[in-house]
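Work through the exercises below with the sequence and the structure in view, and try each task before reading its solution.

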Amino acid sequence: SADILANQQQQQAKPDASTAVVVCTADELKKKRNELEKINKLETKIQTELKKIEKQRKTYEDDMVSFKSHHEIESDFKNEKQALLKSKMDAQQQKESMEKQVLEMAQKCDQLNRKLNKDPYHQQLKEMEDKIEKLSQNIFAVEDSIADHKRQGQYKNISENVIQIQQQMNALLIAEMTVCN
């Protein structure tokens, strides 16, 4: 009976131990599932970040294709500099050529003016132009004087009208004063 009791106690102790193991295992399983869920979320984040980084890398590679190398940039700079220097030299030559042409034309113009000043017909034309200018000024002065006289002549008519109106008013006033007296 003591053996049976001990055996029963062992059997009762066993289900308690197995239940504890199952309970412990259930708690551990929850913890492991939570950890697994966290790991899966982390893995998803990492995959998303890797996709973004890969996309950026492709964009950068595409951009790098459009960039020129240092050698190409230096070559372009040298070519542009040479073209600008050539343009500058051409412009300088054109400037010098134009200055020379202007100087030649100024000399020709001076020679022609000297010839004209020596020519008697030119002298006569110049004297006639001076006379015409003086006559034009005189004509303007005469026209201005005539306009002034016309305005003064119109003043006389106005003056006569005013005097006549004044005489009529005086006559009316006198007549009114005699009627009142």
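## Exercise 1: A charged pair

Glutamate 49 forms a salt bridge with lysine 52, and their closest N and O atoms lie 4.0 Å apart in this predicted model. Task: work out where the two partners, glutamate 49 and lysine 52, sit relative to each other along the helix.

Solution. Begin with the element: both glutamate 49 and lysine 52 belong to helix H1, where they are three residues apart, about one turn of the helix. In general, side chains of opposite charge can pair when their charged atoms come close.

## Exercise 2: Another pair in the helix

Task: find which residue forms a salt bridge with lysine 41, and state how far apart the closest N and O atoms are.

Solution. The partner is glutamate 37, with the closest N and O atoms 3.8 Å apart. Lysine 41 and glutamate 37 are four residues apart in helix H1, so about one helical turn separates them. To classify their accessibility, recall that exposed means over 50% relative accessible area, and that partly exposed covers the range from there down to the 20% limit for buried. Lysine 41, at 53%, therefore counts as exposed, whereas glutamate 37, at 44%, counts as partly exposed.

## Exercise 3: A network

Task: starting from the salt bridge between glutamate 54 and arginine 57, determine which residues are joined into one network.

Solution. The side chains of glutamate 54 and arginine 57 meet at 2.2 Å, taken from N to O. Both residues lie in helix H1, three residues apart, which is about one turn of the helix. Glutamate 54 counts as partly exposed because its relative accessibility is 31%, and arginine 57 counts as partly exposed because its value is 36%. Salt bridges that share partners then join Glu54, Arg57 and Glu61 into one network. The structure as a whole holds five salt bridges.

## Exercise 4: Surface and overall build

Task: identify which residues make the nonpolar surface patch of about 280 Å², and then describe how many helices and strands the protein has.

Solution. The patch is made by Leu42, Ile46 and Leu50, and leucine 42 lies in helix H1, which spans residues 2–66. Turning to the whole protein, its secondary structure comes to three helices and zero strands, in the order α-α-α from the N terminus on. The protein exposes about 17,800 Å², of which carbon and sulfur atoms supply 59%, and buried residues make up 1% of its 181 residues.

## Exercise 5: Confidence

Task: decide which element has the lowest mean pLDDT and which the highest, and where pLDDT stays under 50.

Solution. The protein has a mean pLDDT of 83, with 84% of its residues reaching 70 or more. Where pLDDT is low, the predicted coordinates should not be read in detail.

How values were computed:
Residues are numbered from 1 along each chain as its sequence is written. This is a predicted model: local features need pLDDT of at least 70, side-chain atom pairs count only at pLDDT 80 or more; totals for chains, interfaces and linings use all residues. Side-chain values use heavy atoms; hydrogens and water are left out. Patches are made of residues with over 30% relative accessible area and no salt bridge: like charges are joined within 9 Å, nonpolar side chains (Val, Leu, Ile, Met, Phe, Trp, Tyr) within 5 Å. Accessible areas come from the Shrake-Rupley method with a 1.4 Å probe; for residues, only the protein chains shown count as cover. Helices (H or I, at least four residues) and strands (E, at least two) are DSSP runs, numbered from the N terminus. pLDDT is the predictor's confidence in each residue, from 0 to 100. Contact means heavy atoms within 4.5 Å. Buried means under 20% relative accessible area, exposed over 50%, partly exposed in between (1.4 Å probe, protein chains only).
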